[in-house]
Amino acid sequence: MLNGKVALITGGSRGIGAAIARELASQGADLALVYAGNKDTADALCAEMTETYGVKAAAYQCNVADFNATKETVNQIKKEFGTVHILVNNAGITKDGLLAMMKDSQFDDVISVNLKGAFNMIRHCTPLFIRNRGGRIISISSVTGIMGNAGQANYAASKAGLIGLTKSVARELASRGITCNAVAPGFIDTDMTKELHDSPLAASIPLGRMGKPEEVAQAVAFLANADYITGEVIKVDGGIAM
Ligand code: NAI
């Protein structure tokens, strides 16, 4: 259970992020949700979590790719919540295209949000974790970062980078009681994958269906509660990357 813990979730207003918010709130965690654009959706989820689970919840607009903006947001959350115990790096984008046609901006944008965004949040939350003598960092990678995927060189590089970041941070901060892990989802039914339903990739999933956001959220909650697991990557993929 996570009573009395503060969870900061990026991209927390929809899709997998919203499912993570619901799961952690159901276990008693207070929520600081970082969202990119849709204030109404983020505020509505906060109100629902407070009403349903009695937790404190507030939403903060912030572009995770912006180092200074993430610093200000973490400071604001510290002022309003006191600290952060659990950081979930979930914000992510895709800008797919074949390598021969990929623009450098397509590559840079995806790395900036998916990889640098996680670095920014870890960088600014770590002083709080050190002060607390503990903390949980959980980043949402992807099986694409493990297997690669044609048409997703930028995305796969960002998600593989997250795994290297996770293992390095895990080694660096273990002596402070801070764990750092990743969850690598396969094909999960959200806005990001709405065009993939009928693709051959979806048909090749051993368990025969796309995953649900709630199934990723369960793995995140497991890691949020785990004291003796660090530097690990848990796949939630219906067997696609075994
Ligand atoms: P989504 O597109 O529904 O949600 C992404 C969230 O990230 C949104 O809330 C969006 O506002 C936020 N976001 C995007 N750019 C941002 C920025 N610059 N600053 C702050 N927030 C930003 O996608 P979904 O499917 O819920 O994905 C969540 C995470 O899971 C992503 O990191 C994605 O790469 C990863 N993932 C998703 C899979 C899937 O099949 N849906 C599979 C593997 C990984």
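Reply: In β6, Ala-182 is the bridge partner of Ser-139. That pair belongs to the strand contacts of β5 (residues 135–140) and β6 (residues 178–185), which run parallel and are joined by six bridges. Keep in mind that this is a predicted model. Now for the helix: α3 (residues 67–81) packs on the sheet, where it touches β1, β2 and β3. Its direction makes about 160° with that of β3.

How long is it, end to end? The end C-alpha atoms of α3 are 21 Å apart, and that agrees with the 21 Å its 15 residues should span at 1.5 Å a residue.

Next, look at which side chains are tucked away. Ala-69, Thr-70, Thr-73, Val-74, Ile-77 and Phe-81 of α3 are buried. Seen down the axis of α3, these buried residues fall within an arc of 135°, so they line one face of the helix. What do they pack against? The buried residues of α3 meet β1, β2 and β3, plus another helix, α4 (104–132).

At the start of α3, Asp-66 has a side-chain oxygen that comes to within 3.0 Å of the backbone nitrogen of Asn-68. After α3 comes Gly-82, with a positive phi near 95°.

How values were computed:
Residues are numbered from 1 along each chain as its sequence is written. This is a predicted model: local features need pLDDT of at least 70, side-chain atom pairs count only at pLDDT 80 or more; totals for chains, interfaces and linings use all residues. Side-chain values use heavy atoms; hydrogens and water are left out. Two strands pair if DSSP finds at least two bridges between them. Helices (H or I, at least four residues) and strands (E, at least two) are DSSP runs, numbered from the N terminus. Contact means heavy atoms within 4.5 Å. Axes are lines fitted to C-alpha atoms, for helices over the stretch in contact, and angles run from 0 to 180 degrees between N-to-C directions. The expected span of a helix is 1.5 Å times one less than its number of residues. Buried means under 20% relative accessible area, exposed over 50%, partly exposed in between (1.4 Å probe, protein chains only). The arc is that of the directions from the helix axis to the C-beta atoms. A polar contact is a pair of N or O atoms within 3.5 Å; within protein, one must be able to donate a hydrogen and the other to accept it, and residues adjacent in sequence count only if both atoms are side-chain atoms.
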